Amino acid sequence: MTEEGGAGHEAPAYRVAVPSDDGGPATVFEHLWTPYRMAYIRGEGNPTGTHDFPFCVIPTMSDEDGLIVARGTTVFAVLNLYPYNAGHLMLVPYRHVPDYTDLTADEVAELGAFTQTAMRVVRSVSGAHGFNIGMNQGSVAGAGIADHLHQHAVPRWGGDTNFMPVIGLTRVLPQVLRETRALLADAWATAAAVPAGEA
Ligand SMILES: [Zn+2]
C-alpha cells in the first residue's frame, strides 16, 4: 500500500487512531473497518432495545428504504450506509447472533454463497479489481455492531487508497445509494440465476 500525501498532509480523523501505519495487511483492515464504528457511534441506527439493532430492523423495511440488494432464506445482502468504497455490501444472517460459531450449517452455506454472488455482481457492475472480504468478531476486533454478525464485501480498485480516506467518513448522498442498490439488485437477480461454477 502506498501512503497518500507526505509530512504535513492532514490525515482524516479516523486514521489518527491507527497506531502503526506500516502498510501491512493489519493496517489496511484497521483502516477499512474503523469508520463504521465511528459512523454508528454518531447515532444513526443506534439500538434502543434488544432487538432494535439495525440488522434486525433492516429486513422489515422495503428493499429501497433498507438498501437491501437481495434476500435469501437465512441471509440477506445490504449496502452499507457508510460505504468504505462504492458498492460496499454486507452479507448478514437474519438471526441475531454475534459469532460465526453461532451459525448453523445452512446459514454458513448461504452466507458463503451470498459472498460469492456479491463478488460476481460487483465485478460485473463495476469491474472491481479485488475485494476485502471478512468479518470483525467482537468489538475489540473492530465490529461496529458486535451483537449481530455481518460479513463485509468491499470492492477495491488499483489506486483507490488515495481517495478512500476522503469518502471513508463522508455520508454518501441517499440518491446515490438508492441508484447503486437498484443497479446491484438487478445484477444480483441475473447472477443468482447462473449455476455455481459457470460464472
Ligand atoms: Zn440483530
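Predicted model: local features only at pLDDT ≥ 70, side-chain atom pairs only at ≥ 80, totals over all residues.
Residues are numbered from 1 along each chain as its sequence is written.

Let me begin with the helices, α5 (residues 105-126) and α7 (residues 174-192), which pack at an angle of about 120 degrees with their axes 9 Å apart; axes here are lines fitted to C-alpha atoms, for helices over the stretch in contact, and angles run from 0 to 180 degrees between N-to-C directions. That angle makes α5 oblique to α7, given that under 35 degrees counts as roughly parallel, over 145 as roughly antiparallel, 65 to 115 as roughly perpendicular and the rest as oblique. Helices (H or I, at least four residues) and strands (E, at least two) are DSSP runs, numbered from the N terminus.

Turning to the sheet, we have five strands in an open arrangement, ordered β1-β2-β3-β5-β4, with antiparallel pairing, where two strands pair if DSSP finds at least two bridges between them. The edge strands, each pairing on one side only, are β1 (68-71) and β4 (130-134).

Within the sheet, β3 (residues 89-93) and β5 (residues 151-156) pair in the antiparallel sense over three bridges, and Met90 has His152 in β5 as its bridge partner. Helix α5 packs on this sheet, touching β2 (75-79), β3, β4 and β5, while α7 packs on the sheet by touching β1 and β2; a contact here requires C-beta atoms, placed from the backbone, to lie within 7 Å.

Terms used:
Contact = placed C-beta atoms within 7 Å.
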